[in-house]
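Please look over the sequence and the model together before reading on. The paragraphs that follow go through helices, loops and aromatic rings in turn.

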Amino acid sequence: MIRALTTNDAATVAAISRAARFDAIPGYPDLHTPAEDRAFYRSQIDEGDGFGEVDEAGQMRGFVLWRGQLIEHLYVDVAHQRVGIGSRLLSAALDAIPARPVRLWTFQANARAVSFYRGHGFLEVDQTDGEANEEGLPDVLFELR
C-alpha cells in the first residue's frame, strides 16, 4: 500500500536511505551519523511531498520525496529491491507532480539507479564531477519531459 509520509516515518526512511546508498555505491562516504540522517529526513518530509510503500503489517519498504518538479529521494529497502516497489513509488510521484519536466539527480556510480531511471523514460541532461555535492561523487541529472 502506498501512503503519504509523515514525520513519524523519518527514522525508518533514514535507515532505508542509508542502507540503500551504502549497498548501491561502492566506497560511498559516511558523512553523517544515523541521528543526523533522521533529522535531515524529518525536515525533508516537513518541507516536501512524499509517499512510502508499506506491507500488510505496516512496515515501510521504500519511499519517494519530492519538491515541486524535483524528485529528491527514492530509495527501496535493500531486502525488497527488484520487486516493483521503486516503480510503483515513482509512478505515484509522477502522478502527483502536476507539471513536466520532472528532474532528479543520482550518482553516476549507482548503476542500478541509472538503469532504473533510463528504463522509466528519463533522459540524461547533465553530468558533474561531484565538486558541488557533499559526497564529492560524480553525478548525473535526469529529466522526464
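A residue is called buried when its relative accessible area is under 20%, exposed when that area is over 50%, and partly exposed in between, with a 1.4 Å probe and protein chains only. By this rule W66, at 5% relative accessibility, counts as buried. The model is a predicted one, in which local features need pLDDT of at least 70 and side-chain atom pairs count only at pLDDT 80 or more, while totals for chains, interfaces and linings use all residues. Residues are numbered from 1 along each chain as its sequence is written, and side-chain values use heavy atoms, with hydrogens and water left out. Helices (H or I, at least four residues) and strands (E, at least two) are DSSP runs, numbered from the N terminus.

Helix α1 (residues 10–24) packs against α2 at an angle of about 115 degrees, with the two axes 8 Å apart; here axes are lines fitted to C-alpha atoms, for helices over the stretch in contact, and angles run from 0 to 180 degrees between N-to-C directions. The contact (heavy atoms within 4.5 Å) is made by A10, A11, V13, A14, S17, R18 and R21 on the α1 side, and by P34, D37, R38, Y41, R42 and I45 on the α2 side. These residues divide into seven nonpolar, one polar and five charged, where Ala, Val, Leu, Ile, Met, Phe, Trp, Tyr, Cys and Pro count as nonpolar, Asp, Glu, Lys and Arg as charged, and the others, Gly among them, as polar.

Within α2, R38 is partly exposed, with a relative accessible area of 32%. Not counting residues up to four places away in sequence, R38 touches A10, A11 and A14, and its C-alpha lies 7.8 Å from that of V13, although R38 and V13 are 25 residues apart in sequence. Q44 also belongs to helix α2, which spans residues 34–47, but Q44 counts as buried, at 8% relative accessibility. Leaving aside neighbours within four places in sequence, Q44 is in contact with L65, R67, E72 and H73.

The aromatic rings can be considered next. Rings of Phe, Tyr and Trp (its six-membered ring) pair if their centres lie within 6.5 Å, and planes under 30 degrees apart count as stacked, over 60 as edge-to-face and the rest as tilted. By this rule the count comes to nine aromatic pairs. The rings of F40 and Y41 have their centres 5.1 Å apart and their planes at 80 degrees, so this pair is edge-to-face. Of these two residues, F40 is partly exposed, with a relative accessible area of 37%, whereas Y41 counts as buried, at 3% relative accessibility. The rings of F51 and W66, in turn, have centres 5.2 Å apart and planes at 55 degrees, so that pair is tilted.

Which residues of helix α4 (residues 111–119) are buried? They are A113, V114 and Y117, and, seen down the axis of α4, the buried residues fall within an arc of 100 degrees, so they line one face of the helix; the arc is that of the directions from the helix axis to the C-beta atoms. These buried residues pack against β4 (70–76), β5 (102–107) and β7 (139–144), while on the other side of α4, A111 and G119 are exposed. The helix is followed by G121, whose phi is positive, near 90 degrees.

In the loop between α3 (85–96) and β5 lies P101, and the peptide bond from R100 to P101 is cis, with omega near 10 degrees. In the loop between β4 and α3 lies R82, a residue other than glycine with a positive phi, near 65 degrees. R82 is exposed, with a relative accessible area of 73%.

Finally, T128 is found in strand β6 (residues 123–128) and counts as partly exposed, at 24% relative accessibility. Not counting residues up to four places away in sequence, T128 touches W105, Q108, P138 and D139. T128 and Q108 are 20 residues apart in sequence and 9.1 Å apart in space, C-alpha to C-alpha.
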